[in-house]
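User: I am new to protein models and would like to learn how to read one feature after another. Could you take me through this one?

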Amino acid sequence: MTTALQTPQRRSRSKLQDASLVNGPMLLLRSIRGFSSNRSMLWLATVPVALFGLGIFNLSAHAGDLPELNAAFLANNLWLLVATILVIFMNAGFAMVEAGMCRSKNAVNILAKNLFVFALAVTSYWFIGYSLMYGDSVAGGWLYFMGLFFDPTVTAETVADAGLVPTVDFLFQSAFAGTAATIVSGLVAERVKFGEFVVFAVVLTAFIYPIAGSWKWNGGWLDSLGFVDFAGSSIVHSVGAWAGLVGAMLLGPRIGKYSDGKPQAMPGHNMAIATLGALVLWIGWYGFNPGSQLAMDQWVPYVAVTTTLAAAAGAIGATIVSTLTSGKPDLTMIINGILAGLVSITAGCGDMTLAGAWFAGLVGGIIVVFSVAALDAAEIDDPVGAFSVHGVCGVWGTVVISLWGTAVQGDGAGMGLFNGGGITLLLVQALGAAAYAIWTLVTCWIAWSVIGGLFGGIRVSEEEETQGLDIGEHGMEAYPDFASAK
């Protein structure tokens, strides 16, 4: 039965369906209540004018000032944008791995840290971090700066040379800064104050990480020595791991973690989430490593394959060793083995043969199992094995290039000690790995200590830790329907 009120409605829908592409948008707007009069349409037309007046659409370069966009320019920038999105999505993987491997009473806190730290990292990196990392030289290869924020201007030369527009480059680099910060979260999980952690994340991404990154990626002193770190085994992963290690040592272990010098099991509450997080990270790494090619060329798929082989070998190595040492394959070690393989190839993903990449990942997977045990023996509480994955394997990934690296994208000559490259690169890689460790340990000890002194410590109270950080820090629970299952 059709009523009088329904009939006009059907007629308007019919007109909209029959409208052309030119008339359709206007008919759609007029069908919305409040936009049916000409006066409303006039007010709507003023919105773009107001936005232009506020400077929101104040473009640094006009289309008329630029040459015709060529295919290489479009492909390079589109690829880097896609790679950036993949790297940003890695934040979901880090959050899921950390939350799944920790107890349910701290899940909200872990998720909040991982989500909020990326927002802070992008902001602080935009404000000053990018300038410190890619600015003009101030102190001869040690310090760079070009003022606050960055210039988004697209030049004619950038288009003609198929270069990267500044905004895409900034976005990609800021995603890396966020990765360094979120690594810290895993090491200090389940006992750090939320506010103090986010303050430290700002300091790390605004100052500590960018200054260290400039030493290689902006032609700094390490780059001049020939140091190799294609996508950041040391620059991103080990810096984040050393920063977190300082925090973990200052915090001390979680309540009940060690009894009479022996580590006590504190099982993660959701291994399904942790496993999914590992796969998210694996996929995200295709933005991390191939994206670091900084162009869409023939080597992008090659880098993707070296990344894949190392991850696969890392899983195999960790599974075999954990089975031999504990009697059964440990899922947490399979997860960490995959991540260890990925970190192990990050520095050399563009400078290793396929077989070399697989062996690098295999050794990384083996190393991570022994490293986790060594940290427990030293009573350093690392709830998710973040230092073993990103720190120990970050150093290994940096050094392995000097053992059997190959100039795959160059003349194909051996770079390593075992394939004719000599010992020079080994010394340079070791120096670089040590430099990042020393810089990060010293600066982060100062940062954590100052923050703790200003805010009355960086660790939550014993009562709050026992109850769970979800309630104490956030006033909510991740699983309110299962509140009794801690």
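Predicted model: local features only at pLDDT ≥ 70, side-chain atom pairs only at ≥ 80, totals over all residues.

User: How many salt bridges does a search of the whole structure find?

Analyst: A salt bridge is a side-chain nitrogen of Lys or Arg within 4 Å of a carboxyl oxygen of Asp or Glu, and the search finds six of them. One of them joins R103 to E190, with the closest N and O atoms 3.1 Å apart. R103 lies in the loop between helix 4 (71-101) and helix 5 (107-134), and E190 in the loop between helix 7 (166-187) and helix 8 (194-217), so the pair ties together parts that are 87 residues apart in sequence. Helices (H or I, at least four residues) and strands (E, at least two) are DSSP runs, numbered from the N terminus.

User: Which residue forms a salt bridge with R254?

Analyst: The partner of R254 is D381, and their closest N and O atoms are 2.7 Å apart. Because D381 sits in the loop between helix 14 (354-377) and helix 15 (386-399), and R254 in the loop between helix 10 (233-251) and strand 3 (258-259), this pair ties together parts that are 127 residues apart in sequence.

User: Is D381 buried or exposed?

Analyst: Buried means under 20% relative accessible area, exposed means over 50%, and partly exposed is in between (1.4 Å probe, protein chains only). D381 has a relative accessible area of 2% and is therefore buried, and R254 counts as buried at 4%. R103 and E190 are buried too. In another salt bridge, the side chains of D223 and K216 meet at 2.8 Å, N to O; here D223 is partly exposed at 30%, whereas K216 is buried at 15%.

User: What span should helix 12 have, given its residues?

Analyst: The expected span of a helix is 1.5 Å times one less than its number of residues. Helix 12 (residues 300-326) has 27 residues and should span 39 Å, and its end C-alpha atoms are 39 Å apart, which agrees. Just after helix 12, G327 takes a positive phi of about 95°. Helix 13 (residues 331-346), with 16 residues, should span 22 Å, and its end C-alpha atoms are 23 Å apart, which also agrees. Helix 13 is mostly covered, since 13 of its 16 residues are buried.

User: At what angle do helix 7 and helix 15 pack?

Analyst: Axes are lines fitted to C-alpha atoms, for helices over the stretch in contact, and angles run from 0 to 180 degrees between N-to-C directions. Helix 7 and helix 15 pack at about 135°, with their axes 8 Å apart. That makes helix 7 oblique to helix 15, given that angles under 35 degrees count as roughly parallel, over 145 as roughly antiparallel, 65 to 115 as roughly perpendicular and the rest as oblique.

User: Which residues make the contact?

Analyst: Contact means heavy atoms within 4.5 Å, and here I183, G186 and L187 of helix 7 meet A386, F387 and H390 of helix 15.

Conventions: Residues numbered from 1 in each chain as written. Heavy atoms only, no water.
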